[in-house]
Amino acid sequence: MYRMLSLSGCLLPALFGCLLVRAQEKIAYPTLPEAVCQDGVPRGQLIDDVYRDGRIFQTAPVTTVTLRPPNGTPLRDVPVTFGQVFRKGDIKQGVLASAAQASVQADVKRRYDDGSIRFAVISLWVPELDGEMPVALSDGVRRQTATRPPVQAADLLQTDFDATVTLTFPDGEERSASARQLLKAAGPDATTWLAGPVATEWLLDGTLSGTDGRLDPDLRVQFHVRAYAGCKAIRVSVVVENCLDTWAGNIGYDVAVRIGKRGQLVYEKKDVDHRRLSRWRKDFWWPAAPAQADVAHDLAYLSASGALPHYDRSIVIPERTLAGMAEQWAESGETDILGSGSLTKYMPTTGGRPEIGPYPNWAVQYLLSSDARVKAIMLGNGDLAGSWPIHVRSARTGRILTLDERPKFWLNGYRDNDRERPLWQADRKPPPPERTADGKQHPYYLTPDVAHMGSYAYVPYLVTGDFYYVEEAYFWGNYTLLAQWPVPRQDGRGIMADQIRGNAWGLRNIADAGFIAPDGEPEAKYFAEKIHNNLAELTAKMIGPPEYNRMGFWGLRTVDDARIQNAANPRWMITAPWEHDFLMWSLHHLTELGYTDAAKPRDFEFRWRVGVFTHPGEYNPLLGAPYRMAVGQRGPDNQVIFYEDWKKLGEENAKLTKIPASEKPRLAYDYSAYLALICGVDAEFPQAAEAVQTLLNITGGFHGMLADPAWRIVPRKTLTDARR
């Protein structure tokens with residue numbers, strides 16, 4: 001499925017092992033010098049060669065990832081794999097990764113349009129980890145030397161490794177799939193995700209079959225088998241899917257997973273109800289779970305790459321918060337396969353919650369703390385994002401079902417002339433009743449919603465490089481498109497037609513999926529095209545010609561649509577400023593991912609967002625972050641007459657929103673206004689820095705949701721510098 005990019009070996013002085021990813025060469029498998037011994041230390045003549053011929057070129061590290069033994073306990077024989085995103089232009093020659101006494105491998109997954117490397121997966125075998133070990137990542141290239149091959153399928157098949165999934169259905173029939181058999185059948189054509197002398201990972205996909213040879217028509221199984229050097233440690237991710245566009249309903253079964261030729265039982269669960277369009281994942285090690293290191297990325301560099309917001313790194317997450325999160329996760333009862341994890345089961349539920357925001361609270365808490373307990377929560381929620389009924393895989397292509405393949409398809413829809421919808425099969429087993437005996441919603445039922453959708457797999461992929469997460473990001477980005485009504489979506493163009501907040505979170509998920517999609521994969525082009533289509537549509541409608549309005553208002557509702565009772569002016573046209581704050585952040589995030597065409601619609605909205613805090617003589621800044629804002633009214637002909645001066649805008653909103661009689665009034669949506677205004681500062685929008693200062697003067701600092709780390713991004717340069 002994935003075309004591997006070349007790797008070549010290199011040597012550094014004693015105590016350093018490294019592997020180089022060549023920027024241009026394209027070969028099937030990476031290599032490592034023969035003369036590098038198991039612990040990665042160069043020996044004998046090769047060291048002299050490196051310095052005598054001067055063929056190695058290396059810059060200072062662009063970033064460093066730190067490995068730590070949990071609780072400070074020394075570890076031996078530690079396999080490590082992590083993901084790393086790079087800033088554009090930093091890695092032009094190749095990824096040169098070095099760590100003391102460790103063998104290191106890098107697999108490039110994505111490049112920028114200038115040829116520099118965007119993302120790579122780094123794998124190490126660490127013989128001894130007695131304390132912190134820095135893994136330095138720099139830009140470098142050297143000549144090819146004598147090499148040895150990567151870990152081969154034949155090496156693995158010479159061991160007793162196997163992983164089998166057996167499903168027993170209500171009628172007693174058993175169907176199973178074997179990783180070993182799939183790998184043997186694939187032979188040299190087996191798809192690899194990683195390939196090198198430190199680790200090779202095969203992506204195996206197949207159906208379940210019974211003893212009579214009959215194949216299951218609906219369920220698919222994936223085995224992601226990662227073998228480290230010498231096959232001393234094998235990690236297998238087992239994924240079971242009910243996702244095909246043949247539209248199976250609920251499927252009931254008992255599941256058992258066994259490891260090794262002897263079939264050691266490592267997981268079982270009875271009475272699984274596998275809901276439609278969902279999938280589950282479990283990880284196992286063979287022959288035994290090895291020691292695991294904590295991996296700490298450099299958040300400053302991750303943010304500088306543009307892949308993540310510039311979070312306030314001065315925040316220290318208290319131990320009681322970290323411990324409380326771990327305790328809540330352990331006691332939730334929703335962490336097993338097909339559970340909801342930390343996500344809200346009924347996504348349309350209103351109100352703030354941890355998964356809503358630029359990125360989920362648990363992901364930000366991890367990025368700020370590097371705490372292993374919170375990382376487990378973040379990755380657990382990334383795994384359980386598969387539980388939601390949004391995953392559509394094309395039976396024809398084996399990839400996500402795209403709008404390019406079915407431009408008139410509507411996941412939430414019904415037949416409408418030539419429009420398309422899912423044609424659901426009957427459930428193979430009736431799902432549970434919607435209500436439990438005590439009247440509560442049954443935990444089986446999960447309801448997705450674009451307007452309240454989080455980002456579940458993007459950050460997990462950035463820090464792990466796991467294939468499961470990149471596919472999960474594809475599914476959620478594509479769900480955003482499939483869930484839109486095809487008429488305003490303009491069929492295959494993929495125009496977002498959701499609530500403003502839904503457009504914000506949807507554009508984020510689409511863009512993020514496209515950003516991490518590996519080179520040469522169709523999803524990269526697909527998601528990028530849909531983003532460009534949306535930005536062109538927004539620009540045409542906002543900027544024109546003709547310009548929609550000079551104040552930057554967008555996304556209007558009537559008083560009735562906004563559910564305003566006894567309105568002082570029943571002809572008002574209303575917006576929800578906080579939803580637009582989300583959209584401004586999303587558009588700014590797109591610019592940081594490289595979509596320069598997002599700047600015009602973003603700056604259009606910045607006009608009013610900055611203006612309400614910088615015209616105090618005409619517009620009271622205490623009205624700067626309300627739940628609703630009146631931005632105009634319908635004229636006699638029902639055409640919108642915008643309030644295009646600050647005084648009139650201020651007068652009308654003073655009628656709509658009551659200012660609290662308090663010495664320290666709290667703005668209803670100060671946190672979202674702050675988020676948008678910080679984006680304005682980074683975009684160097686006029687007076688954005690003054691607007692931030694006005695807002696903080698009103699709030700008296702960071703309180704309530706303004707203090708939530710998930711919303712606390714800070715300018716990439718100081719406010720003082722921004723005002724100059």
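Trainee: Before we look at anything, what counts as a cavity or a pocket here?

Mentor: On a 1 Å grid over the protein atoms alone, a cavity is a set of points where a 1.4 Å probe fits but cannot get out, while a pocket is an open set with protein on both sides within 12 Å along at least five of seven lines. Lining residues have an atom within 4 Å of a point. Grid points are joined across faces, edges and corners, and a volume is the space filled by probe spheres set on the points. Keep in mind that this is a predicted model: local features need pLDDT of at least 70, side-chain atom pairs count only at pLDDT 80 or more, and totals for chains, interfaces and linings use all residues. Residues are numbered from 1 along each chain as its sequence is written, and side-chain values use heavy atoms, with hydrogens and water left out.

Trainee: How many cavities of 30 Å³ or more are there, and how much space lies in the largest cavity?

Mentor: The general idea first: rolling a probe the size of a water molecule over the atoms shows where empty space is left. In this model that gives 4 cavities of 30 Å³ or more, and the largest cavity holds about 90 Å³.

Trainee: Which helix gives the most to the lining of the largest cavity?

Mentor: Helix 9, with 4 residues. Helices are DSSP runs of H or I with at least four residues, strands are E runs of at least two, and both are numbered from the N terminus. Helix 9 (467–482) and helix 11 (500–516) each supply at least two lining residues. Among the lining residues are Y456, Y458, E472, W476, N509 and D512. By class, the lining has 6 nonpolar, 4 polar and 2 charged residues; Ala, Val, Leu, Ile, Met, Phe, Trp, Tyr, Cys and Pro count as nonpolar, Asp, Glu, Lys and Arg as charged, and the others, Gly among them, as polar.

Trainee: How do helix 9 and helix 11 cross?

Mentor: Two packed helices are described by the angle between their axes and the distance between the axes. Here the axes of helix 9 and helix 11 come within 8 Å and cross at roughly 140 degrees. Axes are lines fitted to C-alpha atoms, for helices over the stretch in contact, and angles run from 0 to 180 degrees between N-to-C directions. On the helix 9 side, V470, A473 and W476 are among the residues that meet helix 11, whose partners include N509, I510 and A513; contact means heavy atoms within 4.5 Å. The residues of this contact divide into 8 nonpolar, 4 polar and no charged.

Trainee: And what about helix 11 with helix 13?

Mentor: Helix 11 and helix 13 pack at about 20 degrees, with their axes 7 Å apart. They are therefore roughly parallel to each other, since angles under 35 degrees count as roughly parallel, over 145 as roughly antiparallel, 65 to 115 as roughly perpendicular and the rest as oblique.

Trainee: Where does helix 13 turn up again?

Mentor: In the second largest cavity, where helix 13 gives the largest share of the lining, 3 residues. That cavity holds about 60 Å³, and its lining includes W585, H588, E592 and C679.

Trainee: Which residues lie nearest the centre of the largest pocket?

Mentor: R235, D283, Q292, K375 and L379, out of 34 lining residues. The largest pocket holds about 990 Å³. Helix 7 gives the most to its lining, with 7 residues, and the lining divides into 18 nonpolar, 6 polar and 10 charged residues.
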